[in-house]
Structure formats: structure tokens, C-alpha cells
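Work through the exercises below on charged side-chain pairs. Each task is followed by a solution in steps.

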Amino acid sequence: SGLGMSSFNLVPLRLPDRSLGIIIFGRSSNGSLSDEEKRILLVFAHQATISLERTRLHSQELRTTAELMRLNELKSRLLHILSHELKTPLTSLSTSARLLHESDVSEMDMKTRERLLGSIFRATERLIDVADDIYPVADVLTGSVRIERRETDCRRIVDAAVEDVSSLIGQKDQVVNISVSPSV
């Protein structure tokens, strides 16, 4: 042969459930392998098999760790978003309820009372929506639900948010100016 070998020995690299490959040993001199050389080749093949399997398992462990870290980050972001989604309507609900409780309702003008009650109603509805949104989150995280992007009326969302805090803004003599581009 062009390699200067007069004989080749093939030693399989096997695990109980699969074959990993073959090691080819070349020999430049004629003759059979001695029992000692055969044992050395088998030990070498066994060690190579173990090393290959450890490398595969380590690589798999690194991929699994990376995926777990990614999922943990998603979970943390989800909890942060969920916390924010709960705090926003709860703050509005609490503020409006406190204003109604601490104010003399008989002296409050009808428009302010209606605005506070509307804020309580919208915050309650938002909390119900958030609760309804929690159920499918597990499906989204497991990938069994596809998320679709679609256009949303941002102006309506901004107007509702301002309306929710309007009584608090009015009490503090503050003004909110909204500027939402029609293209948004």
C-alpha cells in the first residue's frame, strides 16, 4: 500500500445499543498481532469508545444547559410581564377605590364619580383579561401554540391608560398630552 503498511487491523468502537465507528491500525511488518498487542488494541478501542461517548454526553449536556438557561430567562421575563400586567390595573383599581372611599361622595360631582367607577370597571375587566391570558401561557412556552402578530389600535390602549389615571392626574393638577401618530 502507499502508506507502507503490510497489514491492517479493524477494531469496532461499539456501545451496547450502537456502533460509533472503527479504528484502523496499520502494521508495517508482516505477521499476526501478538496477544499482548491485541489486548492493547482492545483497551485502546474501549477507551476511545468511552471518550467519544463522554464527549457526546458532555456536548448534549451543554446544549441542554443552554436550553434550560433560555427557558429560565423566558420564565423570568414572563413573570416580570405578568407582574406588570397585574400591577397596572391593580394600581388603577386601588387608586380609584381609595378616592371614592376617602372622598365625600355626596359632594363629588357626577362626572368625577362616573370617571372613578369607569376606571374601577376597566381595571376589573383588565384583571379578568390577564387571568384569562395566563392559561395559554404554558402552551406558548411549550411551543404548542403559534403566536400571530397583528395590528393593534395603540391610540385606544393609550386613551384607556390615561382614562384609568385621569382622576389621580386631575387631583394633582397635572395634565397629560397624548400624541400618537396616525400611522402607529
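The exercises that follow concern salt bridges in this predicted model.

**Exercise 1.** Find the partner of Glu53 and state where the two residues lie.

Solution. The salt-bridge partner of Glu53 is Arg18, with 2.6 Å between the closest N and O atoms. The pair links distant parts of the chain, 35 residues apart: Glu53 belongs to helix 1 (residues 35-102) and Arg18 to strand 2 (residues 18-27). Next, take accessibility. Buried means under 20% relative accessible area. Glu53 has 14% and therefore counts as buried, whereas Arg18, with 25%, is partly exposed.

**Exercise 2.** Determine which parts of the chain the salt bridge between Glu85 and Arg126 ties together.

Solution. The closest N and O atoms of Glu85 and Arg126 are 2.0 Å apart. Glu85 is in helix 1 and Arg126 in helix 2 (residues 110-134), so the bridge ties together parts separated by 41 residues in sequence. Glu85 is partly exposed at 25% relative accessibility, and Arg126 is partly exposed at 29%.

**Exercise 3.** Describe the placement of the pair Asp159 and Arg155.

Solution. These two residues form a salt bridge whose closest N and O atoms are 3.2 Å apart. Both Asp159 and Arg155 sit in helix 4 (residues 154-171), 4 residues apart, which is about one turn of the helix. Salt bridges with shared partners also join Asp17, Arg18, Glu53 and Arg56 into one network. Asp159 has a relative accessible area of 32% and is partly exposed; Arg155, at 36%, is partly exposed.

**Exercise 4.** How many salt bridges are there?

Solution. Counting nitrogen–oxygen contacts within 4 Å gives 8 salt bridges.

Conventions
Residues are numbered from 1 along each chain as its sequence is written. This is a predicted model: local features need pLDDT of at least 70, side-chain atom pairs count only at pLDDT 80 or more; totals for chains, interfaces and linings use all residues. Side-chain values use heavy atoms; hydrogens and water are left out. A salt bridge is a side-chain nitrogen of Lys or Arg within 4 Å of a carboxyl oxygen of Asp or Glu. Buried means under 20% relative accessible area, exposed over 50%, partly exposed in between (1.4 Å probe, protein chains only).
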